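Subject: Structure handover

Hi,

Here is the structure I promised to pass on. Please open it alongside this email and follow along as you read.

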Amino acid sequence: MKGINRWLSFYMDESVNHDFAIRRYCPARMEQEQGGDKCQDQEALVFYDTELCSSDATSSTPCLASSEVDDFVDSFINMDQYEYVNEDQGFQEKHRSFDHFVVNDEDEADAYSIVNGVFEYVPTTLEDSELEIYEDVTTAMLEEEVAMNGSFCAIPEFVVPCTQEANLGVDQGLDLVHMLLACAEAVGCRDNQQAELLLSRIWALASPSGDSLQRVSYCFAKGLKCRLSLLPHNVIANATLSSMDVPFITRENKLEAFQLLYQTTPYIAFGFMAANEAICQASQGKSSIHIVDLGMEHTLQWSSLIRALSSRPEGPPTLRITGLTGNEENSKLQASMNVLVEEASSLGMHLEFHIISEHLTPCLLTMEKLNLRKEEALCVNSILQLHKYVKESRGYLKEILLSIKKLGPTALTVVEQDTNHNGPFFLGRFLESLHYYSAIFDSLEASMTRNSQHRMKIERLHFAEEIQNVVAYEGPDRIERHERVDQWRRQLGRAGFQVMPLKCTSQVRMMLSVYDCDGYTLSYEKGNLLLGWKGRPVMMASAWQVASV
């Protein structure tokens with residue numbers, strides 16, 4: 001943490017010319033400013049940047065303006081010098097250092113889930129195969145470093161977990177940020193030669209096992225490399241990428257990383273808590289509840305909801321959960337739900353569980369296919385799912401939302417990443433995503449030790465894949481199309497929904513107090529809850545009901 005804090009808190013002197021750095025690393029900028037239109041013309045010709053976007057989509061210019069560079073780098077430099085207002089105590093608190101909040105994995109720090117203010121211990125210890133999986137991932141990373149640097153001698157010593165921490169200096173950190181921006185601009189301009197040259201310099205500073213800046217830079221450099229390989233006629237990049245392919249990440253690996261993210265940070269638990277509270281709020285007085293879970297992959301959300309419903313003053317309801325999943329093999333999911341059925345029975349509540357192994361489409365969202373019953377209170381639950389259906393024109397998302405509306409749900413719960421990764425231009429999307437994931441990696445660094453296997457698996461098996469999808473792909477292959485809360489408000493409003501104000505602010509604040517780190521921030525915006533890191537929004541939780549005519 002010391003190294004990242006040193007350069008993040010570095011005061012930007014007026015003599016530091018960020019735009020000069022971009023000019024230095026990207027000749028396309030100089031050509032554009034001298035009157036040439038090469039960069040913009042090339043950007044317009046690239047097939048993957050001619051997406052259809054609605055008029056209210058946030059867009060970005062194809063090439064970086066000087067003010068954009070200054071603002072972006074300044075935001076990195078001042079990330080650790082934030083101020084936020086504590087709404088409960090009414091005072092401003094200035095953040096200084098997070099070193100004393102580091103959790104030692106060897107101590108097996110407790111993780112908790114909360115329902116209505118009640119804390120419950122959640123074990124963070126996984127199976128004995130964890131070390132073996134980690135070693136496989138580390139080996140793949142070592143092979144990548146060899147492919148990029150040419151020899152083992154170029155691999156930093158901190159690739160293997162150890163107690164010794166290596167950090168970038170201030171100048172190196174600034175240089176790395178500048179090179180990433182310049183490389184993204186070169187990729188956007190299809191200047192393959194310049195992009196490859198910049199990537200070779202980035203590999204010398206970035207690392208999958210360094211400080212948070214090095215790690216997030218490594219993920220974005222891999223995304224840029226992958227995007228280069230997808231360019232037509234780019235034989236060099238294609239050959240280089242094929243030689244450094246990472247072993248296939250299985251569904252089990254992804255689920256394990258997601259579970260670790262849930263256990264070690266509040267990001268997922270925050271969404272579960274808000275959604276469960278909205279379901280309880282909307283189903284008050286109802287004797288029968290039916291939850292349709294979009295894109296179900298696990299059962300982490302439901303144990304706390306079952307306990308909350310079983311303790312209702314009016315008595316526990318009958319609960320049905322229908323999970324929609326595109327996977328045909330769901331034996332482990334079924335086994336997990338069987339455990340929950342037994343738990344519900346022990347609490348005096350009847351629980352039924354059904355799996356529909358079909359991809360989410362408007363045709364699937366009908367009363368007949370979902371086996372809806374008129375006496376039930378219907379709740380549709382979407383945790384990090386709806387952004388996958390945004391696509392280029394958002395027309396498909398509108399069809400999904402209108403189909404949900406026709407079902408007449410009592411509540412629709414929506415939890416999403418609060419960021420704009422769906423702009424029409426690659427460069428603007430790159431800037432936004434770099435800023436967003438840098439905040440997340442910084443929060444992981446503050447809450448887990450540098451050699452934490454849990455953190456490494458979260459970053460490499462979960463966030464690295466998201467980053468690559470945002471940076472490298474276009475068209476139907478790009479599914480990580482995250483949008484901000486105001487965009488979701490517009491889309492849901494146009495589909496005939498109105499916000500159902502969440503009333504769990506105090507419970508969320510209690511949950512955040514469990515995590516031994518003061519960087520998390522919570523805000524309430526027009527009925528929606530926003531969880532952030534150092535004032536930068538990360539997650540959005542909301543609940544909706546069909547608007548009254």
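**The whole protein**

Of the 549 residues in the protein, 56% count as buried. Please keep in mind that this is a predicted model. The secondary structure comes to 20 helices and 13 strands. The protein exposes about 22800 Å². Carbon and sulfur atoms supply 52% of that area. Now take the contacts with a separation of 6 or more: 78% of them are between residues 24 or more positions apart.

Start with strand 6, residues 318-325. Seven of its eight residues are buried, so strand 6 is largely enclosed by the rest of the structure.

Which strands pair with strand 6? One is strand 5, residues 288-294. Strands 5 and 6 run parallel, and seven bridges join them. To find the pairing on screen, go to Asp293: its bridge partner in strand 6 is Gly323. How does the chain get from strand 5 to strand 6? It passes through helix 13, residues 302-310. This β-α-β crossover is right-handed.

Strand 7, residues 351-357, also pairs with strand 6. Again the sense is parallel, with seven bridges. Here you can look for Leu324, whose bridge partner in strand 7 is Ile356. The chain goes from strand 6 to strand 7 by way of helix 14, residues 331-346. That β-α-β crossover is right-handed too.

**Helix 13**

Go back to the helix between strands 5 and 6. Is helix 13 largely enclosed or largely open? Eight of its nine residues are buried, so helix 13 is largely enclosed by the rest of the structure. The buried residues are Trp302, Ser303, Ser304, Leu305, Ile306, Ala308, Leu309 and Ser310.

**A buried charge**

Next, find Glu466 in helix 18, residues 453-472. Glu466 is buried, yet it has no salt bridge. Where is the nearest side chain of opposite charge? That is Lys388, 8.1 Å away.

What does Glu466 touch, then, leaving out residues up to four places away in sequence? Its contacts are Gln417, Tyr437, Glu480 and His482.

Over to you.

Best wishes

How values were computed:
Residues numbered from 1 in each chain as written. Predicted model: local features only at pLDDT ≥ 70, side-chain atom pairs only at ≥ 80, totals over all residues. Heavy atoms only, no water. Buried < 20%, exposed > 50% of the residue type's maximum accessible area, 1.4 Å probe, protein only. Helix = DSSP H or I, 4+ residues; strand = E, 2+ residues; numbered from the N terminus. Pairing = 2+ DSSP bridges. Right-handed = clockwise from strand over helix to strand, strands pointing away. Lys, Arg positive; Asp, Glu negative; His and termini not counted. Salt bridge = Lys/Arg side-chain N within 4 Å of Asp/Glu carboxyl O. Contact = heavy atoms within 4.5 Å. Areas by Shrake-Rupley, 256 points an atom, 1.4 Å probe, with all protein chains shown as cover.
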